[in-house]
Amino acid sequence: MTKKNYNIEKDMRYLQLLSQTFPTVADASTEIINLQAILNLPKGTEHFLADIHGEYQAFIHVLKNASGNIKRKVNELFGNTLREQEKRELCTLIYYPEQKLELVKAQEEYLDDWYHITLHQLVSVCRDVSSKYTRSKVRKSLPEEFSYIIQELLHERTEDADKTAYVNVIIDTIISTGRADDFIIAISNVIQRLAIDQLHILGDIYDRGPGAHIIMDTMANYHKWDIQWGNHDILWMGACAGNDACICNVIRLSLRYANLTTLEDGYGINLVPLATFAMETYGDDPCEEFTPLLNGGNAEIDKKSKRLTALMHKAISIIQFKAEAQIYERHPEWNMQDRELFKNIDYKNGTITLDGKIYQLLSNHFPTINPKNPIALTKEEQNLMDKLHHSFKVSEKLHKHINLMLGHGCMYAIYNNNLLFHASVPLNADGTLKEVEIYPGRKYSGRQLMHHTGMMIRQAFQNDSTPEIRQYAQDYFLYLWCGPDSPLFDKSKMATFERYFIAEKETHREEKGNYFKLRDDEKIIDYILDAFQVEGPNRHIINGHVPVHVANGENPIKANGKLMVIDGGFSQAFHKETGIAGYTLVYHSRGFQLVQHEPFTSTAEAIQKGTDIKSTTQIVEMSTHRMLVADTDKGTELKQQIDDLEELLYAYRHGFLTERERKK
C-alpha cells in the first residue's frame, strides 16, 4: 500500500460507517484487490441514439443488434469459417431467438445437429461479449434457471481435451432434455444484454412514429440507460403536467402524421369528443392544408379516415394557437406576443400582415374566431379542452412513462469526457454564452441554464411546489418547445401557423440560433466544453435534434472531430430529405465508431430473410491504447473507493479502529 498522509481524526466518522461494510482487514483488502482488478478490465461499450420519434421497430432492432456491434463480434469470431449467409442467420437468431427458432424448426431436417452446432456458436459469442466484465457482473445478468450452466460454459476453455468432453456433455444434455430452445433464447438475450454496457438516448422518443409507448415500455426493462430530454419529449411532459397548449400540440402532431396509436392505444386518450366537435364545426370546410402527411405504414389510410383526420387536425390547431396566445399573454417577459397571429388577420379580406407585408391566407374559414377577441376559446372549444385535459390527467400509463423519463433524464449529462445534450447551448453572436431568463428576473447561461431548466421542469410535477411556481413551470414547457432562446429549440420562431395558412415560403423560414451557426468552429466547441468543465484531451459534444443532410454532402462530424451530430433519422418522414435513416454512435474500448443506417424494412423481414439494417461504419476516433475501466468516470469513482479502503486499513493497523466479527 502506498504511504499516504491521512487525517484519521477528521475522517473517523466516515471510516466508522465504512467499517460496518468491511469489518476486518481481510474484508477491506479483498475489496481493494477486487476493485484494482476491475480497473484493468476493458472499458464497457456505450451506445448513443437520438431522435427515435416513435419508430419502435427500427429502435428495437438497433438495440438488439447494438448498431452492428454483435455482427462485428460474429465476423471477428468466425471470419472465413462460416459463410456470410450462416453468419447472417446466427445474428438473426441472437436478435429474435423465439421467432427464428420457429422458422428453423419448420425447415431444418437434422435439428439435433443444428442445435449442437448453434449452441457452440452462441457460447463462443457470449464468451466474447462477456470477456470485459467481472464474473460477478456477468452472473447478475444471467437468467436464474440457466445461470450455473452458462457460467460453466463461459469459463471452460475447449483447448483442453478433457474440458472439450465436459462442454460437449453439457450441450448434449441440454438438447436431450428438451431445453435447447429455452437455452438458446436465454443465452441470446444475455448476448444482447452484454453487448452494450450503457445506452444514452439524446432525446426525442416521442412524435411522428406510431410506437413511442412501446419504446418507453422497452426502456422500463432496459438494464442501464439515461436520456437527455428532447423538445418532443418536453412537449409530452408538458401535456402530462397539464399544459393545454402542449396537449394541443401533441394531438396536432399525431394527426399531422396520421399516427394516433400512441395516443389512443398506448395512453387511452379519448379523441371521440374532438372528432365530434370537428365534424360539427368544420364539416363544410375542405381543410386541404390539414391533410395528414402519409408515409410508410400510414399510406393505406382510407379516404373517409383521411377526411376526418384533416377536420380534427384543423380543429385542434385553431385551439392550439389560442391556447399558446393565452400563455404568451400571461408571460410578456418571454417577448412572444408577436406570435399571437390571429390578431394580425383581416378576417373580411382573408389576409394577414406579417413584418409590415400583407399575405393572402390559403383559408379564411375560422368559425370559432371572434375578431374582437381572437384568442378566446368558444364555449364548445373550452368544453372540449376540459375533456382532453382530463383524459391526459387520468392516463396512468402516460404518467408512469413520464416519471420514468424524469427518473432517467435531465437536460444534459457528462459521461467519460463527453458532453451530451439534445439540441443546443444558446450563444450570443460572438460565440459567448447567452443569458436566458427562466424564473422571472433570474437569468442563467451555459451549464447553469441547463441545470435550472431541469429544476424548473421537475417543479411542474412536485406537489410541494407553491401554486405560483408550479403554474409557471407548467407554462414554461411551451417556451421550451418553441421559445427563441430555449436550449431545446433555439430558432427565431416556430412557423407552424405560416406553413398551414400562407403559401409564400419566405414566411416559413425559421432562422437557427447562433449555436447552429457557429458549431463548426473548434474554438467555440472548446469554449462550451470548458464552460461545462469537461476535461481531458479527447473530449466531445454529442448532439441530436437536427437531421444530417447526407444527400447534400453534410458531414455529421464537425469542429475537427469535437462535435458529433447523431440525429437517428428513424422517422420515415425525413428519409427522403436526409437520404439516409440517420446515425448511431458506438464508443467501445478502442474508440468511437459512427454507424450510418439505411431505412429499416420490418421486423418480419429481418426474421424471415435474415436482413439487417444496412449500415456503414465510420471510424471517428481510435485510441492509441485499449481503454480500460481505469480511464473512465467509473474508474475515477473506483480509485476514490480504493483510497478510502486504504485509509480504513491504516486505521485498523494503527489502532484507530478495532476489527470485529462480521455479522452472520
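Helix H3 is followed by alanine 66, whose phi is positive, near 50°; helices (H or I, at least four residues) and strands (E, at least two) are taken here as DSSP runs numbered from the N terminus. The structure is a predicted model, in which local features need pLDDT of at least 70 and side-chain atom pairs count only at pLDDT 80 or more, whereas totals for chains, interfaces and linings use all residues. Residues are numbered from 1 along each chain as its sequence is written, and side-chain values use heavy atoms, with hydrogens and water left out.

Helix H3 spans residues 56-65, and seven of its 10 residues are buried, so this helix is largely enclosed by the rest of the structure. The buried positions of H3 are Ala58, Phe59, His61, Val62, Leu63, Lys64 and Asn65. In helix H13 (residues 231-241), 11 of the 11 residues are buried, so H13 is likewise largely enclosed by the rest of the structure. Among the buried residues of H13 are Asn231, His232, Asp233, Trp236 and Cys240. Glycine 242 follows H13 and has a positive phi, near 105°.

Trp236 of H13 also belongs to the lining of the largest cavity, together with Tyr206, Asp207, Arg208, Gly209, Ala212, Ser254, Asn259 and Thr262. On a 1 Å grid over the protein atoms alone, a cavity is a set of points where a 1.4 Å probe fits but cannot get out, while a pocket is an open set with protein on both sides within 12 Å along at least five of seven lines; lining residues have an atom within 4 Å of a point. The largest cavity holds about 50 Å³ of space, where grid points are joined across faces, edges and corners and a volume is the space filled by probe spheres set on the points. Its lining comprises three nonpolar, four polar and two charged residues; Ala, Val, Leu, Ile, Met, Phe, Trp, Tyr, Cys and Pro count as nonpolar, Asp, Glu, Lys and Arg as charged, and the others, Gly among them, as polar.

The second largest pocket contains about 710 Å³ of space. Of the 26 residues that line this pocket, Lys137, Asp197, Lys224, Val629 and Lys634 are the closest to its centre. At least two lining residues are supplied by each of helix H2 (25-39), helix H8 (135-140) and helix H27 (633-653). The lining of the second largest pocket divides into eight nonpolar, seven polar and 11 charged residues.

An open antiparallel sheet is formed by three strands in the order S4-S5-S6, two strands being paired if DSSP finds at least two bridges between them. Strand S4 (345-346) and S6 are the edge strands, each pairing on one side only. Strand S5 (residues 351-354) is joined to strand S6 (residues 357-360) by four bridges. Isoleucine 352 stands opposite tyrosine 359, and leucine 354 stands opposite lysine 357. The hairpin of S5 and S6 has two residues between the strands, and aspartate 355 in this hairpin adopts a positive phi near 50°.

Leu354 is also touched by glutamate 498, whose other contacts (heavy atoms within 4.5 Å) include Arg339, Leu341, Lys493, Thr507 and His508, not counting residues up to four places away in sequence. Glutamate 498 lies in helix H22 (residues 496-501) and is buried, with a relative accessible area of 1%.

A second open sheet has five strands in the order S8-S9-S12-S14-S13, with mixed pairing. Strand S9 (residues 418-421) pairs in the parallel sense with strand S12 (residues 540-543) over three bridges, and leucine 419 has isoleucine 541 in S12 as its bridge partner. Helix H24 (residues 522-531) packs on the sheet, touching S9, S12 and strand S14 (563-565), and its direction makes about 95° with that of S12. Axes are lines fitted to C-alpha atoms, for helices over the stretch in contact, and angles run from 0 to 180 degrees between N-to-C directions.

Asparagine 416, in the loop between S8 and S9, has a phi of about 50° although it is not a glycine, and is buried at a relative accessible area of 13%. Glutamine 533, in the loop between H24 and S12, has a positive phi of about 60° and counts as exposed at 60% relative accessibility.

Key: Buried means under 20% relative accessible area, exposed over 50%, partly exposed in between (1.4 Å probe, protein chains only).
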